[in-house]
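Please keep the sequence and the model open while reading.

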Amino acid sequence: MQELQYLTFLISEELFGLGILYIKEIIEFESVTHVPMMPEYIPGVINLRGNVVPVIDLNMRFYKKKTETNRKTCIIITEIKMENEIIDVGLLVDAVNEVVDITPDSIEEPPSFGSKIRLDFIQGLGKLENKFVIILKVNQILELSELQTIQETSSNVM
């Protein structure tokens, strides 16, 4: 049985997971450069070794409330496929937990009820000992039109 590894992190005290193959790095949150005309859940961009990386506030995206930043707040740098190119996107989270192994047979379909976040963002619910991990579909978190707007705007910024 193949086990898949997921990085787990907290957003509004709920446990989320993202396949580690999508993750490039995790950085400490410092600040973002605000870009006008961005959707509310994109507080701005960061400069990562000379590259402009848009940052998505997952609290705002899922729960319509800003992330309260503290010393545990992190940005997970992930790669998102857009048509035929791959761009880096930062995901602002409350805290990063750990990498866990979840076997495919312990991942259930997302429930069609009771979830506070859109079902198209959720790949499934992974079962860990006594809790669930909401496994995200990284490519669904941003819509293509929003990605293009970000790229056009951020190329004018830096």
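## Threonine 78

Threonine 78 is buried, at a relative accessible area of 0%. Buried means under 20% relative accessible area, exposed means over 50%, and partly exposed lies in between (1.4 Å probe, protein chains only). The residue lies in strand β6. Helices (H or I, at least four residues) and strands (E, at least two) are DSSP runs, numbered from the N terminus.

The side chain of threonine 78 reaches the backbone oxygen of tyrosine 22 at 2.8 Å. Neighbours within four places in sequence left aside, threonine 78 is in contact with Leu18, Tyr22, Lys24, Ile87, Asp88, Val89, Leu91 and Val138. Contact here means heavy atoms within 4.5 Å.

## Basis of the model

This is a predicted model: local features need pLDDT of at least 70, side-chain atom pairs count only at pLDDT 80 or more, and totals for chains, interfaces and linings use all residues. Residues are numbered from 1 along each chain as its sequence is written, and side-chain values use heavy atoms, with hydrogens and water left out.

## Salt bridges

How many salt bridges does the structure hold? There are four salt bridges. The criterion is a side-chain nitrogen of Lys or Arg within 4 Å of a carboxyl oxygen of Asp or Glu. Side chains of opposite charge can pair when their charged atoms come close.

Lys24, Glu79 and Asp88 form a linked network of salt bridges. Lysine 24 meets glutamate 79 at 3.9 Å, N to O. Lysine 24 lies in strand β3 and glutamate 79 in strand β6 (residues 74-82), so this pair ties together parts 55 residues apart in sequence. Lysine 24 also forms a salt bridge with aspartate 88, where the closest N and O atoms are 3.0 Å apart. Lysine 24 is partly exposed at 44% relative accessibility, and glutamate 79 is partly exposed at 31%. Aspartate 88 is buried, with a relative accessible area of 16%.

Another salt bridge joins glutamate 108 and lysine 127, with the closest N and O atoms 2.9 Å apart. Glutamate 108 sits in strand β9 (residues 107-108) and lysine 127 in strand β10 (residues 122-128), so the pair ties together parts 19 residues apart in sequence. Both ends are partly exposed: glutamate 108 at 37% relative accessibility, lysine 127 at 39%.

## The five-stranded sheet

Five strands form an open sheet in the order β3-β6-β7-β5-β4, with mixed pairing. Two strands pair if DSSP finds at least two bridges between them. β3 (23-28) and β4 (44-48) stand at the edges with a single partner strand each, so one side of each has no neighbour in the sheet. From one strand to the next, the twist averages 35°. Axes are lines fitted to C-alpha atoms, for helices over the stretch in contact, and angles run from 0 to 180 degrees between N-to-C directions.

Strands of a sheet pair through backbone hydrogen bonds, either parallel or antiparallel. Strand β5 (residues 51-57) runs parallel to strand β7 (residues 85-93), joined by three bridges. Isoleucine 56 stands opposite leucine 91 in β7. β4 and β5 run antiparallel, joined by five bridges. Leucine 48 has asparagine 51 in β5 as its bridge partner. The hairpin of β4 and β5 has two residues between the strands, and arginine 49 takes a positive phi near 50° there. β5 is mostly covered, with five of its seven residues buried.

## A loop residue

Is glutamate 68 buried or exposed? Glutamate 68 is exposed, with a relative accessible area of 64%. The residue lies in the loop between α1 (58-63) and β6. Glutamate 68 and serine 12 are 56 residues apart in sequence, yet 9.7 Å apart in space, C-alpha to C-alpha.

## Whole chain

The protein chain has two helices and 11 strands. From the N terminus, the elements run β-β-β-β-β-α-β-β-β-β-β-β-α. Of its 158 residues, 46% count as buried. Among contacts with a separation of 6 or more, 58% join residues 24 or more positions apart.

How values were computed:
Polar contact = N/O pair within 3.5 Å; in protein donor to acceptor, adjacent residues only side chain to side chain.
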